[in-house]
Amino acid sequence: MADGSNGFASIDDLTHALQGVGYHAPRQLATSVFLAMKLQRPLLLEGEPGVGKTELAKALAKVLGRPMLRLQCYDGMEQREALYEWNHTAQLLHMRAAQETVTADEIEREVYQPRYLIRRPLLQALQAPEPGAVLLIDEVDRADEPFEAFLLEYLGEYQVTIPELGTIKAQAAPVTILTSNRTRDLNDAVKRRCLYQWMDYPERERELAIVQSQVPEAGPALTEQITKFVSRLRSLPFASAFQRSPGIAESVEWAKALVALDTLMLDPEVVQDTAGILFKQREDVAALLPLINDLLQPEPA
């Protein structure tokens, strides 16, 4: 059962709630999420692309009944794109209208009012009313180190400082999820402020449950084949042939594509024709083709 703004009464309750919206979290991951909510700490999720990091934040927003705010990070990202910027057009219009009736000091005080703020995800999360928001800081490893340093005040104290307005503290502590594909190591100061969870590719049974819940029209036999095929792709000796293995997202998308093609069972032709759904690089597609027959063979006992 939901425990108000604090999340859930137990890890099992959280796990079942996530399953109810199609997200099958293993015990260790559910424990990390549960503790992040109970302790009001940000949670840093690291792992390969496609293992379900971003989807966890979306699922969590659904089960908590909170709005989800997403800050998509990228190289060269600036603070104003994450926190706020001033509506300079509105400020200028106000200054022109007021310059005949008030002093310059009064104008300056008036134009730096909250109504002229354009709020970005961090500020929106801090000012969200009870019970608060879920904030996803996605692919934080794509931003640069100065941006990481900027995040420290928010991550450590759920507050930010705006020079013209002062310090703004959270009205309700946001549930904050950071994700990283580990394209580079994050600063230790960021990690110290967060709980941490490494997310790996799922075990076959969990992936089977995910595909079944996301693509129920695929049917049991086809879903079983899909998850076995993808699981073998990620395991040795096959995994060494590819630059990047397919994630859960690719498994689900492949199942949807196979249903759209009225596929009942996997065969070499349909795998070859749909290889571009599993892999996004030409070299990986080329490496898959000579392995298809071996991958479709029954696994040794």
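**Strand pairing, helix packing and aromatic pairs**

Strands β2 (residues 68-72) and β5 (residues 134-138) pair in the parallel sense over five bridges. Pairing requires at least two DSSP bridges between two strands. Strands (E, at least two residues) and helices (H or I, at least four) are DSSP runs, numbered from the N terminus. The model is predicted: local features need pLDDT of at least 70, side-chain atom pairs count only at pLDDT 80 or more, and totals for chains, interfaces and linings use all residues. Residues are numbered from 1 along each chain as its sequence is written, and side-chain values use heavy atoms, with hydrogens and water left out.

Side chains alternate along β2. Leu69 and Leu71 point to one face and are buried (under 20% relative accessible area; exposed is over 50%, partly exposed in between; 1.4 Å probe, protein chains only). The bridge partner of Leu69 in β5 is Leu135.

In helix α10 (residues 204-214), the buried residues are Arg206, Glu207, Leu208, Ile210 and Val211. They pack against α11 (220-234) and α12 (248-260), where contact means heavy atoms within 4.5 Å.

Four aromatic pairs were found in a search of the whole structure. Rings of Phe, Tyr and Trp (its six-membered ring) pair if their centres lie within 6.5 Å; planes under 30 degrees apart are stacked, over 60 edge-to-face, the rest tilted. Phe147 and Phe150 form a tilted pair, 5.5 Å centre to centre with 45° between the planes. Both lie in helix α8 (residues 145-157), three residues apart. Phe229 and Trp254 form another tilted pair, at 5.4 Å and 50°. This pair links distant parts of the chain, α11 and α12, 25 residues apart. Phe229 has a relative accessible area of 2%, and Trp254 has 0%.
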